[in-house]
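Dear colleague,

I am passing a structure on to you, and I would be glad if you opened it alongside this message. Below it I describe what was found.

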Amino acid sequence: MGPLRSKKRRPTFRRLLKTSGMKLENKLKSRQLKQQNVAKKQRKEQKRLRQAMKGAALQVPRPLETYRKRPEEEDDEEEFLESLPSDMMDEEDLEEMTAMARKASFLTRDLSSCGPVHSNKTKNADVVRSYEKIPRKMAKMEEKEVIQLLPIKDKDRVIPRSIERAVKQQQEEEEEEELAAMSEQEEDDEAPPSHMELTPEEREQFRIQTLNIKKQRIASMASAIISDPLNNMKRVKELRGMMMEADPSVAVSVRKMVMVSLMEVFKDIAPTYRIRPLTSAEKNTKVKKETQQLREFEESLVSQYKFYLEDLEQTIKDWKQKKRKRSQVVSFQSYCGLAEVSVRCLCELLLSMPHFNFHNNIIVVLVPLMNDPLKKVSDMCCNAFRKLFQEDKVGGASLATVRVISGLTKSLNYNVRPEMLRTLLSLRIKEVEMKKDLEATAPKAKFMTNKEKKKNLSRMQRKWKKAEEKLEKELLEAEASDSKEKKTKLHTETLNIIFLIYFRILKKAQRSVLLPAVLEGLANFAHLINLEFFDDLLNVLQNLIQSGNLTNRESLHCIQTVFTILSGQGDALNIDPLNFYSQLYKILLRLHAGAPNDDIIIVLRCLDAMLTRRRKQVTLQRAMAFFKRLSVLSLHVLPNASVGILAANRATMHSFPKCDFLLDNEIQGSGFYLMELDEPEHCNAQNTALWELHTLQRHFHPVVRRFAGHLSHGAPSDGSAALSMEFSRRSPLELFEDYSVKDMTFNPPLASPTSKKKDQFVVGTALLDDRLQKQADSILSDTHMDSTATRH
């Protein structure tokens with residue numbers, strides 16, 4: 001028989017990984033326990049040492065070889081010594097006797113002690129050790145001060161030494177009083193005179209001098225912090241303390257300068273990442289000196305930044321609540337200026353540090369100020385959030401802001417300024433997760449299950465595959481750029497909150513001043529609305545238009561929203577929005593023809609969505625009716641609007657080539673053209689002609705003349721009447737913006753006069769032509785003859 005096989009199974013790779021992990025955990029736990037035990041022992045030793053020092057300080061050292069005699073024995077000994085003759089013993093004998101007395105320790109030792117006789121060595125060592133624990137200075141007596149000196153150690157004992165010094169308290173007190181009086185007198189001499197004693201010129205000069213000193217101090221501290229922030233974080237606290245300046249002459253100016261200086265300092269020294277608090281395990285671990293210094297710097301930076309933001313917020317709250325401080329350093333009028341500077345600093349930090357700590361706190365402070373009655377503060381906050389939306393590439397800050405705006409509008413019962421909702425138009429949302437996208441991005445079933453992997457893959461292959469998956473996960477975590485999926489998810493959540501705001505206002509506050517902003521926002525984000533809301537939204541918008549309570553601009557926004565939906569995902573819906581065509585046809589002749597012609601931009605967008613993109617669903621009669629009415633409108637509006645409308649007509653003629661019937665004088669069918677009828681299908685537009693184009697060919701603007709001549713020839717793509725590439729490749733909206741007259745400039749520029757010579761005026765008959773001159777001469781001769789006849 002062969003050798004017996006071991007019944008113990010070999011551990012698998014997974015079990016080995018598991019056991020190794022448990023070993024590491026056990027080692028870590030044992031190491032932590034050891035560290036705790038060491039720390040506990042050190043605390044106990046320190047406690048014992050403190051107790052020993054405390055007990056030793058209460059003891060007074062005394063020599064070892066001393067004993068206390070009775071008073072009776074002392075008197076008898078003195079009498080005996082006095083009775084002895086002085087000449088019986090020499091000085092040498094006395095010295096020998098004293099030496100022998102010192103050696104006889106068994107006679108002179110303290111009998112009250114219970115220690116053994118032959119324990120001098122250990123006793124002396126204990127005395128020395130206890131003496132080392134005694135403090136050098138003894139407690140002070142009432143009139144004398146005992147100074148403890150170093151002891152002298154003899155062969156047999158330790159001799160303590162001390163000296164006494166009389167305390168001259170009265171003299172020292174008198175000297176201190178004299179010094180204090182002299183210092184007060186010097187301060188009084190150096191102190192500047194009060195403001196009441198100065199003239200207005202001297203007060204202003206003194207104020208400027210003080211302000212310059214403060215400026216230099218602020219500049220020096222700020223430059224020191226920026227040059228070496230790791231070692232100069234204490235200066236930030238000192239600089240922040242200057243926000244509580246107490247001098248009323250320069251308090252407002254100094255506080256404003258400190259606010260702005262601290263803002264620039266934090267923008268300069270703040271890192272490009274978010275600082276998180278350390279865990280308890282990270283605090284207990286030992287790190288390098290540089291790492292510890294960096295941790296301390298980050299901790300102090302976050303705390304000082306937090307205190308700075310709290311100071312700015314408190315300044316704004318005091319201004320809003322009109323609180324009167326105990327120290328009347330700053331008046332209520334000056335608090336308005338301080339609050340404006342605080343708001344400006346918060347707006348700057350909002351834009352420059354969106355990655356740093358407390359960014360959401362800044363948003364919470366600034367969003368209610370968008371609804372502030374003071375226009376300057378409101379515009380400042382609205383502009384800051386517009387820039388934030390435009391610069392936010394990921395979407396986290398935009399989502400936080402939209403959440404706060406939604407909560408504020410709901411809490412105030414939609415009684416907010418329309419500018420707050422118009423800031424949402426600056427959001428850079430282009431892609432969101434629709435339902436079909438969610439289904440497409442759903443996690444798919446794995447190709448191989450774990451059992452199949454075990455069957456088809458070897459042990460090493462499974463090991464390598466697991467390592468590859470782990471490496472890919474680490475690479476994704478370490479990737480600096482945010483993924484597209486995260487960005488799309490944030491944008492989807494942001495858009496859901498925006499539509500929630502809009503739909504609430506449409507449902508509960510249709511007559512609110514927010515309705516124009518809501519309709520404008522729906523028109524801007526209509527291409528991102530889900531199909532679920534199409535039917536309800538179309539019914540609401542149709543009811544709003546038919547109610548007649550909307551302005552022209554609001555009606556145009558409703559029409560733009562509807563056709564933006566239908567040209568996107570709503571293309572699959574079988575809906576004929578004839579009523580909205582009629583509403584736009586009716587509004588065209590009621591548009592403003594003067595300077596504020598911003599409504600023309602919405603009209604051009606609607607025409608592109610209604611006629612060009614939906615040309616298969618639009619009849620020829622409807623297209624010719626719009627062509628005719630737009631030509632009439634182009635006669636009354638400004639040049640840039642005329643250029644945009646004629647460019648839209650050109651696109652319509654390309655989409656509907658049979659519109660060239662309007663260039664002929666012949667009638668196509670029965671009936672007459674009804675100009676006043678607001679139904680494009682029944683106005684008989686085919687029986688009219690585009691006589692407006694001949695009028696526009698005499699327009700003062702050269703581009704208008706160019707487009708009118710092009711359309712009168714049927715908008716050809718080539719030939720002498722064709723447009724150049726400069727005009728043909730630009731959209732109506734681009735042409736409208738390019739030839740705008742907002743900046744009081746004429747595009748193309750006017751030609752300068754050819755000659756700079758002054759015209760020469762002639763006097764007399766040279767002003768008239770020959771025929772007129774003869775007629776004038778004949779009339780003058782007849783009147784002369786009549787006058788002579790009357791004289792005779």
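Contact, as I use the word here, means heavy atoms within 4.5 Å, and helices are DSSP runs (H or I, at least four residues) numbered from the N terminus. Please keep in mind that this is a predicted model, in which local features need pLDDT of at least 70 and side-chain atom pairs count only at pLDDT 80 or more, while totals for chains, interfaces and linings use all residues. Residues are numbered from 1 along each chain as its sequence is written, and side-chain values use heavy atoms, with hydrogens and water left out.

Helix α24 (residues 578-587) is mostly covered, since 7 of its 10 residues are buried (under 20% relative accessible area, with a 1.4 Å probe and protein chains only). Among these buried residues are F580, Y581 and L584, and what covers them includes α22 (534-547), α23 (552-567), α25 (599-612) and α26 (620-633).

Elsewhere, helix α13 (residues 359-366) packs against helix α15 (residues 396-411) at an angle of about 35°, with their axes 10 Å apart; axes are lines fitted to C-alpha atoms, for helices over the stretch in contact, and angles run from 0 to 180 degrees between N-to-C directions. H359, N360, I363 and V364 in α13 meet A397, A400, T401 and V404 in α15.

Finally, I497, which is found in helix α20 (residues 484-508), is buried, with a relative accessible area of 14%. Leaving aside its neighbours within four places in sequence, I497 is in contact with L399, V402, R403 and S406.

With best wishes

Definitions and conventions: Helices (H or I, at least four residues) and strands (E, at least two) are DSSP runs, numbered from the N terminus. Buried means under 20% relative accessible area, exposed over 50%, partly exposed in between (1.4 Å probe, protein chains only).
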